[in-house]
Amino acid sequence: MKSMIKTFFAGAAIFVALVAFAPEVKAAGELDKIKEADKIRIAVFSDKPPFGYVDENGDNQGYDVYLARRIAKDLLGDENKVEFVLVEAASRIEVLQADKADLVLANFTVTPDRAEQVDFAKPYMKVALGIASPEDAPITDVAQLAGKKLIVNKGTTADSYFSKNHPEVELIKYDQNTEAFNSLRDGRGVGLAHDNTLIFAWVRENPGFVTSIDFLGSLDTIAPAVKKGNKELLDWLNAEIEQLYKEKFFNEAYDATLKPVYGDSVDPETVVVDGEIAQ
Amino acid sequence: MLDSVTSIFLSGRNMSRLLEGLWVTLEISIISVLLSMFLGIIVGLMMTSKNRLLLAGTRVYLEIIRVMPILVLLFLFYYSLSKIWGINLSAMSVAILVFTLWGTAEMADLVRGAVTSMPRHQRESGRAIGLTESQINRYIIIPQAVRRLVPGVINLTTRMIKTTPFVFFINVPDLVKVGQQIVEITGMRNVMASFWVYGLIFLIYFIICYPISRFSLYLERKWES
């Protein structure tokens, strides 16, 4: 027992010493560094279609990736000068802080908490709530929900929005997306509320259901993120995105990547960002 | 049914992507297992020495590695090393480094166990006929200890191979991650996709690990006779 305690303290002492003598890591000339390496490292998802995924040929694809290639083209003159770092949702902040990627384009929703740890550029997409309901009994107005059962996922924006603003609606909560959607199919609720981007894709695959409300609640934006304090790259990105708004580039990205999944019935304006919202 | 199988594995480069993932898995496993065997023997012998400094050092190392989950070690070397000390290692080198550190610690403990379990008279007999300490280790202790080691080493090897999928948490696309990517894009059209893809991955791990345990059985039988 005594030797175990000794071992522990010896280990702890070594660890503390190493942390105490850590050199300062500085970030300077970020744009030059990228140009020198002649490639930009962009963190994207590898298994979240249609935003970021790897297709059957092993190529990265999706809405986020479409923007990533354009950024590489405008910064380095070639859309292939991008090295994709494949991230999990939980490591999106770490890859920037640990300098494993220059930029994150992984469906990263802007929140105040996250904005303290990374710097967000201007948004390239927006997301709000949507409601899916049966075609023959569509919920087109939140007022219809009073006293009825609505399906949501625990801890999502849909959950907090209805709990806070519409206590008259009875919520049925699930942990998993699959469970929630299955219970809508079984008729356990009159509708299901979730991110509209997810609702659009699900309704397309499930005939008999419609997106009866496509835009509800507070609007969240999705934006590129860079390491905190990397002002040089952030300024360049903001100017770039400003230019892309003018070109209607995000509508083009929508048509190429999201439209095949969402179908013609969805209004691109519910997802795509143009100049106005950025303010 | 055959259609659903061929459409997954034959569409695009899916099959060769899985093989590339397998190569990543094998590369990490083979390099770190071999390094662990080699370094583990050295550290293990250090643990049997009488030098107190050496004993304390190896003890601290073993205990730290043993209490730390592999995932924490991976994060520590991939993210924290870069964040705090500015040492930016590639994901692949972090994977090999962490698996080697872990394997070496476990291997060293196996070696220590095998050596110290050797009856004392073996060493004393060696001294009596005038062998030096290193000769005793080389000709008497090690050959016998190796036989006692085999089951533990085989167990460690297969355990290390089976733990490699953790590397996708530091963004290395190994066999399991590639399988997951394929399931995600074919899953919408083909409900059986996850069954076939994970089934194949099971088969591949079996093909790798089963011969290793057969080999250990063969060695044990051979030495018994």
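Among contacts in chain A between residues at least 6 apart in sequence, what percentage join residues at least 24 apart? The figure is 69%. The model shown is predicted, and the legends below go through it view by view.

**View 1. Chain A as a whole.** The secondary structure of chain A consists of ten helices and 13 strands. Chain A has 279 residues, and 41% of them are buried. The contacts in chain A between residues at least 6 apart in sequence include 69% that link residues at least 24 apart.

View 2. Strand β9 of chain A and its two partners. Strand β9 of chain A covers residues 149-153 and is mostly covered, with four of its five residues buried. Strand β10 of chain A, residues 170-174, runs parallel to β9(A), and five bridges join the two. Within this pairing, A:L150 stands opposite A:L171 of β10(A). On the way from β9(A) to β10(A) the chain passes through helix α6 of chain A, residues 157-165, and this β-α-β crossover is right-handed. β9(A) is also joined to strand β11 of chain A, residues 191-195, by two bridges, and this pair runs parallel as well. Here the bridge partner of A:L150 is A:G191 in β11(A). A three-stranded open sheet in chain A. Three strands of chain A form an open sheet in the order β2-β3-β4, with antiparallel pairing. β2 (47-48) and β4 (60-61) of chain A are the edge strands, each pairing on one side only. Strand β3 of chain A, residues 52-54, and β4(A) are paired in the antiparallel sense over two bridges. The bridge partner of A:Y53 in β4(A) is A:Q61.

**View 3. The surroundings of A:D214.** A:D214 is part of strand β12 of chain A, which covers residues 209-222. A:D214 counts as buried because it has 21 C-beta neighbours inside 10 Å, and the cut-off for a buried residue is 20 or more. Leaving out residues up to four places away in sequence, A:D214 touches A:G130, A:N196, A:D267 and A:T270. A:K148 is 66 residues from A:D214 along the chain, and the C-alpha atoms of the two are separated by 19 Å.

**View 4. The bent helix α7 of chain B.** Helix α7 of chain B, residues 133-163, spans only 38 Å between its end C-alpha atoms, whereas a straight helix of 31 residues would span 45 Å at 1.5 Å a residue. At B:L149 the helix α7(B) bends by about 45 degrees, and a proline, B:P151, follows within four residues. B:L149 is also one of the buried residues of α7(B), along with B:I141, B:A145, B:V153, B:L156, B:T157, B:M160 and B:I161. The elements that cover these buried residues include α2, α5 (91-116), α6 (120-128) and α9 (193-224) of chain B.

**View 5. The contact between chain B and chain A.** Chain B gives 25 residues to the contact, and chain A gives 25 residues. On the side of chain B that touches chain A, the elements that give two or more residues are α2 (14-47), α3 (52-67), α4 (70-85) and α8 (175-186) of chain B. The residues on this side of chain B comprise ten nonpolar, nine polar and six charged. Helix α2 of chain B, listed here among the elements at the contact, is also among those that cover the buried residues of α7(B).

Methods
Residues are numbered from 1 along each chain as its sequence is written. Chains are lettered from A and ligands numbered from 1 in the order in which they are written. This is a predicted model: local features need pLDDT of at least 70, side-chain atom pairs count only at pLDDT 80 or more; totals for chains, interfaces and linings use all residues. Two residues are in contact if their C-beta atoms, placed from the backbone, lie within 7 Å. Ala, Val, Leu, Ile, Met, Phe, Trp, Tyr, Cys and Pro count as nonpolar, Asp, Glu, Lys and Arg as charged, and the others, Gly among them, as polar. A residue is buried if 20 or more other C-beta atoms lie within 10 Å of its own, exposed if 12 or fewer, and partly exposed in between; C-beta atoms are placed from the backbone. Two strands pair if DSSP finds at least two bridges between them. A crossover is right-handed if, with the strands pointing away from the viewer, the path from the first strand over the helix to the second runs clockwise. The expected span of a helix is 1.5 Å times one less than its number of residues. The bend at a residue is the angle between axes fitted to the seven residues ending there and the seven starting there.
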